[in-house]
Amino acid sequence: MDYQAPPRIPMSSPDLTESERQAVLSVLQTPNLSMGPQIRAFEEAFRRFTGSRHALAVNSGTAGLHLCVLACGVGAGDRVLTTPFSFVASTNALLYERAVPVFVDVDPVTGNMDVEQTAQAAQDLQAGGAAAQRWLPRTGAEAPGALKSLLAVDVFGQPADYDALRGISARHGLSLIEDSCEALGAEYKGRPAGTLGDCGVFAFYPNKQITTGEGGLVITDDERMSTLMQALRNQGRAPGDTWLEHTYLGYNYRLDELSAALGAAQMARIDELLTSRQQVADWYAERLAEIPGVEAPVLIPSTTRVSWFVYVIRLARGADRAALAERLGARGVPVRPYFSPIHLQPYMMERFGYRRGDFPVTEDLGERGLALPFSGKMSEEQVDAVCRTLASCL
Ligand SMILES: *Cc1c(COP(=O)(O)O)cnc(C)c1O
């Protein structure tokens, strides 16, 4: 007799309806496939949703982060305080400009930058000498460099502590970049994620809260930064340049009209999309409370609204995560370790001499975190099935 495998639950799935399909098809009825009305509509939707003065759609979250780094004037040898508990793009955007990411460890509850350590690191780096050395990587930061900026990440849809981070950046004259690629719709003390620094970035890969296939978007209230970033995303064409005039070394970071139309249709449903993700997270929280040996995500009071991106549980210390993942996978429940610390990626260890043990909280979270299947499309029965399988595999 054939063994009938249980239906596999997808790790994530985009939430798309007829309105998204129609939006994309209608662009195909026109000759405007780039730099047209859909981009403008998509950007307008973000200005409205976040209250931000400027919005620039780009072709990935990583491209958006790179533009922010450029607009903040971060260059070769400059030092930027950031987190090793993130997706690699937040650090890579600094490396593209040959800046030195200076990591501080994270808060064990939220996984966001530890603000006390960040304050100390900023003070020590500006003091220089032995005090600064303690924060710098073993190699790759020999040349003197100025502390220029702070790049924080809103991990798993929960904003970092921006009152503290803004205080630090004001005290030391640093720009503040907010990687909100996981936090569209989240709020910190009632203020929208993405608006909490000098510029903020969102991303629209298919597992994010909204998708454009590939895509990203930068928001800022700063006119100068916006104008510069608009030029840089469009091959360095400044206002007034013709198609073949390029004031700056730029990039092609433009989003196309089809993707923008998809994004605008998703933004028209943003409340519904966030609400269904919240519902799925609530179903998970209820059931996980009954399962010993796993910790559900914890929200802190400054998170007046979380925006669920992934659903990451923590296993007990010493649990065999790989074996558990294997058993779950065999029973139709895909799971992923999340995040894998940035400082332990091979290219980072080679360039900066990082070792296991350098950022213990990040490593602990990295070793115990397990992302469960998650999307706004999951049914209560699917959440039930995941939790029952998890309980029995533990
Ligand atoms: C998704 C994500 C990005 C951007 O990813 P892209 O694939 O380039 O759109 C950046 N930072 C974080 C923390 C992310 O989760």
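These legends describe close-up views of a predicted model.

Residues are numbered from 1 along each chain as its sequence is written. Local features need pLDDT of at least 70 and side-chain atom pairs count only at pLDDT 80 or more, while totals for chains, interfaces and linings use all residues, and side-chain values use heavy atoms, with hydrogens and water left out.

**View 1. Residues around the ligand.** The ligand has 14 residues around it, of which Gly61, Thr62, Asp179, Glu182 and Lys208 come nearest; a residue counts as near if one of its heavy atoms lies within 4 Å of the molecule. By class, this shell holds 6 nonpolar, 5 polar and 3 charged residues, where Ala, Val, Leu, Ile, Met, Phe, Trp, Tyr, Cys and Pro count as nonpolar, Asp, Glu, Lys and Arg as charged, and the others, Gly among them, as polar. Helix 3 (residues 61-71) gives the largest share of the shell, 3 residues; helices are DSSP runs of H or I with at least four residues, and strands are runs of E with at least two, numbered from the N terminus.

View 2. A backbone N or O atom of Gly61 lies 2.8 Å from an oxygen atom of the ligand, whereas side-chain N or O atoms are involved at Glu182, at 2.6 Å, and at Lys208, at 2.9 Å. The protein covers 91% of the 380 Å² of accessible area that the ligand has on its own, as computed by the Shrake-Rupley method with a 1.4 Å probe.

View 3. Arg233 forms a salt bridge with Glu43, and their closest N and O atoms are 2.9 Å apart; the term requires a side-chain nitrogen of Lys or Arg within 4 Å of a carboxyl oxygen of Asp or Glu. Because Arg233 lies in helix 8 (residues 223-233) and Glu43 in helix 2 (residues 37-50), the pair ties together parts that are 190 residues apart in sequence.

**View 4. Backbone geometry at Phe339.** The peptide bond from Tyr338 to Phe339 is cis, with omega near -20 degrees. Phe339 lies in the loop between strand 13 (336-337) and helix 12 (346-352).

Key. Polar contact = N/O pair within 3.5 Å; in protein donor to acceptor, adjacent residues only side chain to side chain.
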